[in-house]
Amino acid sequence: MRPPHVLLAVLVAAVWGVNFTVIEVGLGHFPPLLFSALRFLAAALPAVFLVGRPKVAWKWIVGVGLVLGVAKFGLLFVGMDHGLPAGLSSLVLQIQAVFTALFAFAALGERPTRLRLAGMGVALAGIAVAAVDEGTTGPLGAFVLVVVAAACWGVSNVLTRKAAPPDSLNFMVWVSTVPVLPLLGLSLLTEGPSQDLAALRGLDWQGAGTVLYVAWVTTVFGFGAWGWLLRRHPASTVAPFSLLVPVFGMSAAALFLGESVTPLRWCAAALLVGGVALTSLAPGRRGGAGARTESAGGAQADVPAQTAAGAPAPDGATVPVASPRV
């Protein structure tokens, strides 16, 4: 990768890492499900009128929209609202790489290599250490909600892999249209109309800024830039930059929110990031579904199975790889 492309990849990782701090601030202005609904509403409008018609079947857009937008983001925002720190949330979500590999094996027949299995074990050990740390210092229930959110992210990765959309930004914008009404309905049922109306009536510049950041900067710019990089470089070259997300996430939370990072949490971070690196970047078995992808010239190039057709954008969506150009 040329230096400008490296800088762009680092910038996207920083944007996604800081996003967790912005979410924490936004939760001080909105109930979690309403905040998530506003995020997708702002991401979809007016972009949906600019990206053209959907380029995959509606069943994939609706499926990913419900699993990723409603389940994953709903659980993440509720978990953070119930007390899981922003920095730890950015770290715990990376366990999605393990869930993705497991679900890909179950649904697509992609058999993990021994190295990838070892990576899963290391990542799970990191989650166990983080759970022990959170169980003694914070709400364990919120921790569990974010782990389940990571599992939902893994499901959405596999669905996106099956959909194989040719345009990542087009796909993400149309996916963003799906969760708005379900999230608003859930918010009205569980958070109450009075709380939602109070949040909207009290909207100030800081609250509006958090919505615009998580919608336009994180989603539109972040996924657009990440997809642009993936169309020009192999997924195995771009994907390692995603490991910087929890580094930026924990650093931003410590700097702007004053979150402390315990020695046990640093240990969990080292194990989880190392395990995710092995799980995501270890070569997949030849012959597994999607374990190989075509370059622009038609030649087959080996790439990690987890990133070949669904390279994860660690903010919470999957950016598909379609014929990466070198």
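Predicted model: local features only at pLDDT ≥ 70, side-chain atom pairs only at ≥ 80, totals over all residues.
Is alanine 37 buried or exposed? At 1% relative accessibility, alanine 37 counts as buried.

## The chain as a whole

Let us step back for a moment and take in the overall picture. The chain has 326 residues, and 54% of them count as buried. Its secondary structure comes to 15 helices and 4 strands.

## Alanine 37 and helix H2

Back to our opening residue. Alanine 37 belongs to helix H2, which covers residues 32-44. Setting aside neighbours within four places in sequence, alanine 37 is in contact with Val180, Leu183 and Leu184. Leucine 184 is 147 residues from alanine 37 in sequence, yet their C-alpha atoms are 5.9 Å apart in space.

## How H2 meets H8

Two packed helices are described by the angle between their axes and the distance between the axes. For H2 and helix H8 (residues 168-177), the angle is about 135° and the axes are 8 Å apart. Angles over 145 degrees count as roughly antiparallel, and H2 and H8 are therefore oblique to each other. The crossing of H2 past H8 is left-handed.

Which residues make the contact between H2 and H8? From H2 come Phe40, Ala43 and Ala44, while H8 brings Met172, Val173, Ser176 and Thr177. By class, the residues of this H2 and H8 contact are 5 nonpolar and 2 polar, with no charged ones.

## How H2 meets H11

Helix H2 also packs with helix H11 (residues 205-232), this time at an angle of about 50° and with the axes 8 Å apart. H2 and H11 are therefore oblique to each other. In this pair, H2 passes H11 in a right-handed crossing.

On the H2 side, the residues involved are Phe35, Leu38, Arg39, Ala42 and Ala43. They meet a set of H11 residues: Thr210, Val211, Val214, Ala215, Trp216, Thr218, Thr219, Val220 and Phe223. The contact of H2 with H11 divides into 10 nonpolar, 3 polar and 1 charged residues.

## Helix H1 and its surroundings

Helix H11 has another partner in H1. The two pack at an angle of about 155°, with their axes 9 Å apart. That makes H1 roughly antiparallel to H11. The crossing of H1 and H11 is left-handed, and their contact has 19 nonpolar and 7 polar residues but no charged ones.

Within H1 (residues 3-26) you can find threonine 21. Threonine 21 is buried, with a relative accessible area of 5%. Not counting residues up to four places away in sequence, threonine 21 touches Ala86, Gly249, Ala252, Ala253, Phe256 and Leu257.

## Two backbone details

Most residues other than glycine have a negative phi, and most peptide bonds are trans. Leucine 45 and proline 46 are joined by a cis peptide bond, with omega at about 5°. Proline 46 sits in the loop between H2 and helix H3 (58-81).

Where is alanine 164 found? Alanine 164 lies in the loop between helix H7 (140-163) and H8. Its phi is near 50°, a positive value in a residue other than glycine. With a relative accessibility of 45%, alanine 164 counts as partly exposed.

## A partly exposed leucine

Our last stop is leucine 102, in helix H5 (residues 96-108). Leucine 102 has a relative accessible area of 42% and is partly exposed. Valine 158 is 56 residues away from leucine 102 along the chain, and a distance of 9.9 Å separates their C-alpha atoms.

Conventions:
Residues numbered from 1 in each chain as written. Heavy atoms only, no water. Axes fitted to C-alpha atoms, helices over the stretch in contact; angles between N-to-C directions. Parallel < 35°, antiparallel > 145°, perpendicular 65-115°, else oblique. Left-handed = near helix turned anticlockwise from the far one by under 90°. Contact = heavy atoms within 4.5 Å. Nonpolar A, V, L, I, M, F, W, Y, C, P; charged D, E, K, R; others polar. Buried < 20%, exposed > 50% of the residue type's maximum accessible area, 1.4 Å probe, protein only.
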